[in-house]
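Visitor: I am new to this structure. Please walk me through it.

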Amino acid sequence: MAGPQNVRRMPRAQRREQILDAATRAFARAGYVATGLDGVAAEAEVTLVLLYRHFDSKADLYRAVLDRACARLEATVGSGDYDEGSISALLRAAAEDPDGFRLLFRHAVREPDFRDVVNGMQAMSAEVTRRELAAVIPEGPWLDWAVQYVPTVTLEAVIAWLDAGQPDPDQAADRIALVVHSAIRAASSVD
């Protein structure tokens, strides 16, 4: 492998992707605050000078990593409706980019400077969830609860699945769906 002192030339877009891949891994290990650009450069096997040719700052790099993770997630899962395939699509997205998924839902959610990325996704998810659940749960506090709880429990279940080594991928979506449907039943059966 080439070290930072012996960086081989590659097209700009390819180098940018290499740096984003390395930054995703580095930030996923320790989060934004605990990860330095020198660590990202070492992970990417590039110099700091080369890293700065692509990104103006650590915040710029982190935002690019989060934006790419969001784009990948949306490309796999979609953004308009939930259906029986949504949980499978979410698991597929998490399996294809586990570090990006963890960054979005474990790290960025706790980082005030980047929380807006997750807030936007959560607002969109709540809107779609409300639209879907309004057909089975009457308007009121239990619908409000389900709109918050269902996406949260789904994401936490996917992260737990990643952390457990992605067990039984053919049945994982069905198992998570059981949890989600239990929450919906609980909210809809309250008088």
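Visitor: How much of the chain over residues 36-55 is helix?

Guide: This is a predicted model. The unreviewed UniProt entry annotates residues 36-55 as "DNA-binding region". The end C-alpha atoms of this stretch are 14 Å apart.

Visitor: How far apart are the end C-alpha atoms of helix H1?

Guide: Helix H1 covers residues 12-30, which is 19 residues. At 1.5 Å a residue, helix H1 should span 27 Å. The model agrees, with its end C-alpha atoms apart by 27 Å.

Visitor: Which helices do the buried residues of H1 pack against?

Guide: Buried means under 20% relative accessible area. The buried residues of H1 include Arg-15, Ile-19, Leu-20 and Phe-27. They pack against helices H2 (37-44), H3 (48-54), H4 (58-77) and H6 (98-107).

Visitor: Which helices hold Asp-144 and Arg-130?

Guide: The side chains of Asp-144 and Arg-130 meet in a salt bridge, 2.8 Å from N to O. The pair ties together parts 14 residues apart in sequence, because Arg-130 lies in helix H7 (residues 115-133) and Asp-144 in helix H8.

Visitor: Which residues make the nonpolar surface patch of about 290 Å²?

Guide: One of them is found in helix H8 (residues 141-163): Trp-142. Trp-142 is partly exposed, at 39% relative accessible area. The patch is made by Trp-142, Trp-145 and Tyr-149.

Definitions and conventions. Residues numbered from 1 in each chain as written. Predicted model: local features only at pLDDT ≥ 70, side-chain atom pairs only at ≥ 80, totals over all residues. Heavy atoms only, no water. Helix = DSSP H or I, 4+ residues; strand = E, 2+ residues; numbered from the N terminus. Expected span 1.5 Å × (residues − 1). Buried < 20%, exposed > 50% of the residue type's maximum accessible area, 1.4 Å probe, protein only. Contact = heavy atoms within 4.5 Å. Patch = residues over 30% accessible without salt bridge, like charges linked within 9 Å, V, L, I, M, F, W, Y side chains within 5 Å. Areas by Shrake-Rupley, 256 points an atom, 1.4 Å probe, with all protein chains shown as cover. Salt bridge = Lys/Arg side-chain N within 4 Å of Asp/Glu carboxyl O. UniProt positions renumbered as here; feature names shortened; annotations may be inferred.
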